[in-house]
Amino acid sequence: MSKDITEQELEKLVAYLDGEVSEQEAIEVEQALSNDESTRERVDGLERAWEMLDRLPISKASEEFTDKTLSSIRTVQLEAQAADDQQPSGFGMTKKTRAQLRKAAISAGWIVGLACSIFLGYLITNQWVPDESDPLIRELSFIENLDTYSEVQSLEFLEELTKSGTFDETAQQ
């Protein structure tokens, strides 16, 4: 007499016959097969049913049926995609709006990154590449008094003026 088995047990037996169970589940099924006559009858019945299904002639669908079926599937997919695109989700935005917003955010990110790179490059080159006008700016007071300094004939004369205190008197005035 065969006992009733649950839907889960039947699925497990089918998975066992298809080779889709884990090693532990296979051991459990094999123990059930060795201990339970009704389980063996179920498995034998399933194997016979599959053998008979394999003997049935395979009918082939017509081209028209295949085309209509594929066309229907495409239509359903497009309708579902259009409905999904129009369906508002997070923040009340449609999928299309979110996609456009995402593209804009990515573009803005690239622009900000590029601007930061340009600014950083400017700072780096401004620090490391010397400006040709810097020495002129440092020596500006000398250049402004170049005519006065060119009238002095020698450095010794300037040193004698310094020792005599002439520049001190001029500085106090």
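Predicted model: local features only at pLDDT ≥ 70, side-chain atom pairs only at ≥ 80, totals over all residues.
Helix 1 covers residues 7-18, and helix 2 covers residues 23-35. Two packed helices are described by the angle between their axes and the distance between the axes. Here the angle is about 105°, and the axes of helix 1 and helix 2 lie 10 Å apart. Helix 1 is therefore roughly perpendicular to helix 2, since angles of 65 to 115 degrees fall in that class. Helix 1 brings Lys12, Leu13 and Tyr16 to the contact. Helix 2 brings Glu25, Ala26, Glu28, Val29, Glu30 and Leu33.

The side chains of Lys12 and Glu28 form a salt bridge, with N and O 2.6 Å apart. Lys12 belongs to helix 1 and Glu28 to helix 2, so the pair ties together parts that are 16 residues apart in sequence. Lys12 has a relative accessible area of 27%, so Lys12 is partly exposed. Glu28 is partly exposed as well, because its relative accessible area is 34%.

Thr39 sits in helix 3, which spans residues 37-55. Its relative accessibility is 8%, so Thr39 counts as buried; the cut-off for that class is under 20%. Residues up to four places away in sequence are set aside here. Beyond them, Thr39 touches Leu13, Ala32 and Leu33. Leu13 and Leu33 also take part in the contact between helix 1 and helix 2.

The salt bridge count comes to three. Besides the Lys12 and Glu28 pair, there is a salt bridge between the side chains of Arg40 and Glu37, at 2.5 Å from N to O. Both residues lie in helix 3. Arg40 and Glu37 are three residues apart, about one turn of the helix. Arg40 is partly exposed, because its relative accessibility is 30%. Glu37, with a relative accessible area of 43%, is also partly exposed.

Another salt bridge joins Glu64 and Lys68. Their closest N and O atoms are 3.1 Å apart. Helix 4 (residues 63-86) holds both residues. Glu64 and Lys68 are four residues apart, again about one turn of the helix. Glu64 is exposed, and Lys68 is exposed too.

A nonpolar patch lies on the surface. Leu136, Phe142, Ile143, Leu146 and Tyr149 form this patch. Together these residues have about 470 Å² of accessible area. Helix 7 (140-144) supplies at least two residues of the patch, and so does helix 8 (146-151). Leu146 is one of the patch members and is found in helix 8. Its relative accessibility is 41%, so Leu146 counts as partly exposed.

Ile137 is placed in helix 6, which runs over residues 134-138. Ile137 has a relative accessible area of 58%, so Ile137 is exposed; the cut-off for exposed is over 50%. Ile137 and Glu20 are 117 residues apart in sequence. In space, their C-alpha atoms are 85 Å apart.

Technical notes
Residues numbered from 1 in each chain as written. Heavy atoms only, no water. Patch = residues over 30% accessible without salt bridge, like charges linked within 9 Å, V, L, I, M, F, W, Y side chains within 5 Å. Areas by Shrake-Rupley, 256 points an atom, 1.4 Å probe, with all protein chains shown as cover. Salt bridge = Lys/Arg side-chain N within 4 Å of Asp/Glu carboxyl O. Buried < 20%, exposed > 50% of the residue type's maximum accessible area, 1.4 Å probe, protein only. Axes fitted to C-alpha atoms, helices over the stretch in contact; angles between N-to-C directions. Parallel < 35°, antiparallel > 145°, perpendicular 65-115°, else oblique. Contact = heavy atoms within 4.5 Å.
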